[in-house]
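The sequence and model are shown below.

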Amino acid sequence: MANVLFSSCQKTQSSRTEVAMGTVCTVSLFEDSSNKLYDKIFTELHRLENLMSNTIPTSEISRINQNAGFEPVKISSDTFTVLSCALEIAKLSDGAFEPTIGNLVELWNINAIINDETGSILPQIPSQKEIENALSKTDFTKLILDEKNQTAFLTQSGMKLDVGGIAKGYATDCIVSILKEEKISSALIDLGGNIYAYGYKNPLEKTPWKIGIKNPLNPTGSPIEIIQCENSSIVTSGVYERYFEYEGKIYHHLLSAKTGFPENNDLLSVSIICNNSMLCDALSTACFILGK
């Protein structure tokens with residue numbers, strides 16, 4: 001993920017942090033910092049989470065998974081937009097970004113392991129048979145989207161979507177839309193490392209933001225690169241973000257839909273920068289899996 005570097009000449013007027021979209025989300029406003037605007041932003045985040053979380057049984061993603069192999073599911077325009085982009089990037093990257101990777105994600109259970117503070121969820125490596133079974137239910141070509149009827153359908157029973165690699169990016173773009181509607185000119189959005197530098201650090205002088213990219217070999221140390229930007233999203237996928245250690249080996253969360261294991265190539269992290277956070281989110285994963 002990226003670090004936000006604040007200049008010494010400008011203080012954050014206010015910020016709010018809540019857990020949403022399965023991560024810690026912080027929005028910092030430099031103008032209208034009213035509770036009403038923060039409420040609007042975080043209400044939107046929770047609404048999107050309720051649509052796209054695969055851990056909420058009533059979400060649209062969960063309902064698509066529950067109806068895999070049976071029937072298409074009517075979905076909102078938000079979920080349809082996310083799945084359409086996910087499918088586009090999957091095709092573009094030949095499955096390096098894979099929205100139907102849900103079974104594999106559940107099998108490795110990496111997020112649960114690293115978030116478990118009780119020590120009750122012990123790290124373990126799935127067997128080859130378990131991985132092959134999960135891979136047999138992983139195939140983006142079996143995700144059928146019907147634009148006219150606004151439906152999504154997994155054609156094979158037992159398949160599962162997981163949009164964790166793109167939904168935060170879409171949520172970030174939705175917050176940007178709210179900021180535009182409210183005519184805000186300066187803000188920082190951080191959804192679990194999905195950064196959006198909105199407007200300018202100093203709108204009057206058109207001073208760009210400075211965003212630090214973490215050094216994957218020393219994530220808590222000095223940034224490896226500092227990016228100057230405005231109205232841009234910066235999303236990083238790296239081996240140091242979410243992982244567990246088992247018998248002296250590191251297993252990170254960036255899973256290959258080809259092998260079923262965490263991708264093992266020459267890359268430690270990939271950062272994508274553009275004005276569309278949903279694209280940044282999906283492409284950072286795709287490019288990491290694809291390799292140098």
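Glu106 and Lys160 join their side chains in a salt bridge, with an N to O distance of 2.9 Å; the term denotes a side-chain nitrogen of Lys or Arg within 4 Å of a carboxyl oxygen of Asp or Glu. The two residues belong to distant parts of the chain, 54 residues apart: Glu106 is in helix α4 (residues 102–108) and Lys160 is in the loop between β6 (151–154) and α7. Helices (H or I, at least four residues) and strands (E, at least two) are DSSP runs, numbered from the N terminus. Glu106 is partly exposed at 43% relative accessibility, and Lys160 is also partly exposed at 26%. Here buried means under 20% relative accessible area, exposed over 50%, and partly exposed in between (1.4 Å probe, protein chains only).

The model is predicted: local features need pLDDT of at least 70, side-chain atom pairs count only at pLDDT 80 or more, and totals for chains, interfaces and linings use all residues. Residues are numbered from 1 along each chain as its sequence is written, and side-chain values use heavy atoms, with hydrogens and water left out.

## Further charged pairs

The whole structure contains 8 salt bridges. In one of them, Asp39 meets Arg16 at 2.8 Å, N to O. Asp39 lies in helix α1 (residues 35–52) and Arg16 in strand β2 (residues 14–20), so this pair ties together parts that are 23 residues apart in sequence. Asp39 is partly exposed at 37% relative accessibility, whereas Arg16 is buried at 18%. Salt bridges with shared partners connect Arg16, Glu18 and Asp39 into one network.

Helix α1 also contributes Lys40, which forms a salt bridge with Glu182, their closest N and O atoms being 2.9 Å apart. Glu182 lies in the loop between α7 (167–181) and β7 (186–191), so the pair ties together parts that are 142 residues apart in sequence. Lys40 has a relative accessible area of 35% and is partly exposed; Glu182, at 34%, is partly exposed as well.

## Helix α7

Helix α7 has 15 residues and reaches 21 Å from its first C-alpha to its last, close to the expected 21 Å, a span defined as 1.5 Å times one less than its number of residues. The helix is mostly covered, with 12 of its 15 residues buried; among them are Tyr170, Cys174, Ile175 and Leu179. The buried residues of α7 pack against β3 (23–29), α1, α3 (77–92), β7, β8 (194–199) and α8 (277–290). Lys183, which follows α7, has a positive phi near 60°.

## Nonpolar cores

A nonpolar core is a set of buried Ala, Val, Leu, Ile, Met, Phe, Trp, Tyr and Cys residues joined through side-chain atoms within 4.5 Å. The largest has 52 residues, and those with the most contacts inside it are Leu45, Met52, Ile64, Ile166 and Leu179. Leaving aside residues up to four places away in sequence, Leu179 touches Leu29, Ile41, Ile184, Ala187, Ile189 and Tyr198, a contact being heavy atoms within 4.5 Å. A second, separate core of 12 residues includes Ile101, Leu104, Phe244 and Ala257.

## Overall architecture

The protein chain comprises 8 helices and 14 strands. Of its 292 residues, 50% count as buried. Along its principal axes, the C-alpha trace spans about 60 × 50 × 40 Å. Among contacts between residues at least 6 apart in sequence, 62% join residues at least 24 apart.
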